[in-house]
Amino acid sequence: MAKDALELQGTGGGADQAFRWGVRAAAAMVLVVLAMVALSMTSRSGDVLGVMGLDFFGSRRWSEADELYGALPFLWGTLYTAVIAIVLAVPVSLGVALFVTQVAPPWLKKPMIYVLDLLAVVPSVVFGLWGVMVLSGELREVYLVMHRAVDWIPVLGDILGPSPQGRSFMTAGVILAIMITPIITSLSREVIETTPPGDKEAALALGATRWEMIRASVLPHSKGGLVAAVMLGLGRAMGETIAAALVIGSALGQTGINAFASGNSMPAVIANEWGEANDLHKSALVALAMTLFLLTIVINLSASAIVRRSMVRGRGAST
Amino acid sequence: MTPLVRNSLLIGAVALTTMASCKKKEEAGKTDPAGSAAPTTAEASPSAATLNGSGSTFMKAFQEVAIEGFTKANTGVKINYGGGGSGKGRQDLSDQVVDFAGSDSPFKDADLAKNKGGDLLYFPVVLGAVTVSYNVEGVSKLQLAPETIAKIFQRDIKKWDDAAIAADNPGVKLPATEIVVARRADGSGTTDIFTKFLNGAAPSVWKLKSGSTVEWPADTQAGQGNSGVAQVVKSTPGAIGYVDLSDAKATALSYAWIKNASGAYVEPTTASASAAGDGIEVKDNLVFSAVNAKGDAAYPISGQSWVIVYTKQTDKAKGEALKAYLRYMLTDGQGLLAELDFAPLPKSLQDKALAQLDKLQLP
């Protein structure tokens, strides 16, 4: 037996080596792919950046006939719809996460989690089709009512602005919110569940109500993780292509704050125009992709930085 | 629970539409003339080969039916056609990723040098009409001059009872409804044909130039694909949009008679689009534009689609299959077009294209 074990150890040494190199190769692969994507996108967007310069990010005109490509309205549309989505999705997601972890009776908890996870795997094109077939028609009337109600309020009257469109920044924001809610909820739920029971029991023992307990021990403990969950949701919302392309309205040159106006976003433009694009037009679309790539990298890096910081702090608190 | 119910309803709806469009294609396939089974080709029946093509979505429905008809008679040959747009088709052919490209417009001269396989042959295979479809209650026949269309799509005219529209339609009572303009959200050959028509026929009025995408005013409604624009027109009172003939018919839209280069108002039909192919100047390499064709019967917003191949074929089996397939599309295949609401080539063009088949060089 001892000999067997020894022999096993011997072969284990070789396997160990193979494993080490295998995982190294896998890790290197990710970096190589990322580098290759970055490299080819930079080189292919060179044409349009050479012609447009920094105007690519500052100009509002996007014209195939005049070979002028300014991405500002699409950059604006991407950020604006993502922000609308976050504003709508975060309160709901946190509410659901707190309900599932702190309030719901045990028999309801499992099915709720199941349904939420199911919602997270619905393909985005399904939401997009539903948005364009059902939602965009119904919401227009709702927008009209909302605009009339807030027209007299200075800034809100401009955001919920005049002549609402069925397919608009807001409709795209609503669809994106529906798509990212399950993601934010599921991440928040996991973060919240790591709250040490001791912290919660201590608060309850001091006579705190359930809400006071959540405020005093759950939220401070999970703050970092919750922010990271929201950032990941934001990244997803910005990169969403098909659903946005279907419901955003594809209007050019829109940089206003009227959320009820039609607009356009970077991924939607790429998906819509790639098939028939030539030369410089293609280069401009690649440059849009690169901009989106950089934007999501920034979002994801800051999300992971926040998570790292909160983990350090979390460990500090519980010991 | 509600999301589940909602989603399953939606999936059902999507499945239904897919089935409906399949059915249409099947019916078109059934009308396959009996003659296609008999070999009409002078060449020997091609041996086993697989042909790949990509490009124009405009002729995709025709490709599907033609492939079905051709491979039924030539069982050894397998043909795949992926859409993706004319631009993608030309790029794929240029990179020699495919054996033939479907394209609604020719290569730019500047790009020819990039083609890896040398000289090209253009075979026109289909013509088609782009309608100006509208949704105005009580107006059963609408006539439009190019200048009026240009003003409408630029949003210079915003009401249906505008003097310019009334001038084109003497005696017709037009309502004071707001005009809603529907256009494509995606880059499209249909947009290219439509804007080329306006650029050519109303140069003093039309400011948006031409291309697969143009700078539409922000207060226009975008639709995804021809069917998307058709849907906007169908569901919005006062709407007007450009939609290809087959989608306009499938959606049961009303469409306008358009004033052509000879000053006659012409209804978009497969016959008037074919007539456009007769009244045009064709270059030696069979490159032409069917937009704004001369002739009383020619519909002015007509487009064309070519199958583009390399002159010099490098693979014998593939080259033979390609030649047989091209011949099929130019002869028996033409009989399948009307069912799909595409226009067949006029005899003059068909003869030129068939004669050009001899230029295809096999190894």
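Reader: Under the 20% and 50% cut-offs of relative accessible area, what does partly exposed mean?
Author: Buried means under 20% relative accessible area and exposed means over 50%. Partly exposed is what lies in between.

Reader: Is Gly198(A) buried, partly exposed or exposed in this model?
Author: The model is a predicted one. Gly198(A) sits in helix 9 of chain A, residues 197-205. Its relative accessibility is 42%, and the range between 20% and 50% is the middle class. Therefore Gly198(A) counts as partly exposed.

Reader: How far apart are the C-alpha atoms of Gly198(A) and Ser217(A)?
Author: Gly198(A) belongs to helix 9 of chain A. Along the chain, Gly198(A) and Ser217(A) are 19 residues apart, and the separation of their C-alpha atoms is 9.6 Å.

Reader: What is the make-up of chain A in helices and strands, and what share of its residues is buried?
Author: The C-alpha atoms of chain A fill a box of roughly 80 × 60 × 35 Å along the principal axes. Chain A has two strands and 13 helices. Of its 319 residues, the buried share is 45%.

Reader: What share of the contacts in chain A with a separation of 6 or more joins residues 24 or more positions apart?
Author: Contact here means heavy atoms within 4.5 Å. Among contacts in chain A with a separation of 6 or more, the share from residues 24 or more positions apart is 74%.

Reader: Ser250(A) is not a glycine, yet its phi is positive; is the residue buried or exposed?
Author: The phi of Ser250(A) is about 50°. The residue is found in the loop between helix 11 and helix 12 of chain A. Its relative accessibility is 3%, which is under the 20% cut-off, so Ser250(A) counts as buried.

Reader: Ala252(B) also has a positive phi; is Ala252(B) buried or exposed?
Author: Phi of Ala252(B) is near 55°. Ala252(B) lies in the loop between helix 8 (245-250) and strand 9 (254-255) of chain B. At 59% relative accessibility the residue passes the 50% cut-off, so Ala252(B) counts as exposed.

Reader: Which residues does Thr190(B) contact, leaving aside its neighbours within four places in sequence?
Author: Thr190(B) is in helix 6 of chain B, residues 189-201. At 7% relative accessibility it counts as buried. With the neighbours within four places left aside, its contacts are Val130(B), Arg184(B), Asn226(B) and Tyr242(B).

Reader: How much area do chain A and chain B bury between them?
Author: The size of an interface is often given as the accessible area lost when the parts come together. In this interface, 30 residues of chain A are in contact with 36 residues of chain B. Carbon and sulfur atoms carry 47% of the buried area, and the two chains together bury about 2700 Å².

Reader: Which three residues supply more of the area that chain A buries against chain B than any other three?
Author: Their share of the area that chain A buries against chain B is 22%. The three are Arg167(A), Asn272(A) and Glu276(A).

Reader: Which residue of chain A forms a salt bridge with Glu215(B)?
Author: The rule finds two salt bridges across the interface of chain A and chain B. In the one with Glu215(B), the closest N and O atoms are 2.6 Å apart, within the 4 Å cut-off. The partner of Glu215(B) is Arg61(A).

Reader: Which element gives the most residues to the side of chain A that touches chain B?
Author: Across this interface, 13 residue pairs are in polar contact. Elements giving two or more residues to the chain A side include strand 1 (62-63), helix 5 (106-120) and helix 6 (124-150). With four residues, the element that gives the most is helix 6 of chain A.

Key. Residues are numbered from 1 along each chain as its sequence is written. Chains are lettered from A and ligands numbered from 1 in the order in which they are written. This is a predicted model: local features need pLDDT of at least 70, side-chain atom pairs count only at pLDDT 80 or more; totals for chains, interfaces and linings use all residues. Side-chain values use heavy atoms; hydrogens and water are left out. Buried area is the accessible area (1.4 Å probe) that two parts lose on being put together, summed over both. A salt bridge is a side-chain nitrogen of Lys or Arg within 4 Å of a carboxyl oxygen of Asp or Glu. A polar contact is a pair of N or O atoms within 3.5 Å; within protein, one must be able to donate a hydrogen and the other to accept it, and residues adjacent in sequence count only if both atoms are side-chain atoms. Buried means under 20% relative accessible area, exposed over 50%, partly exposed in between (1.4 Å probe, protein chains only).
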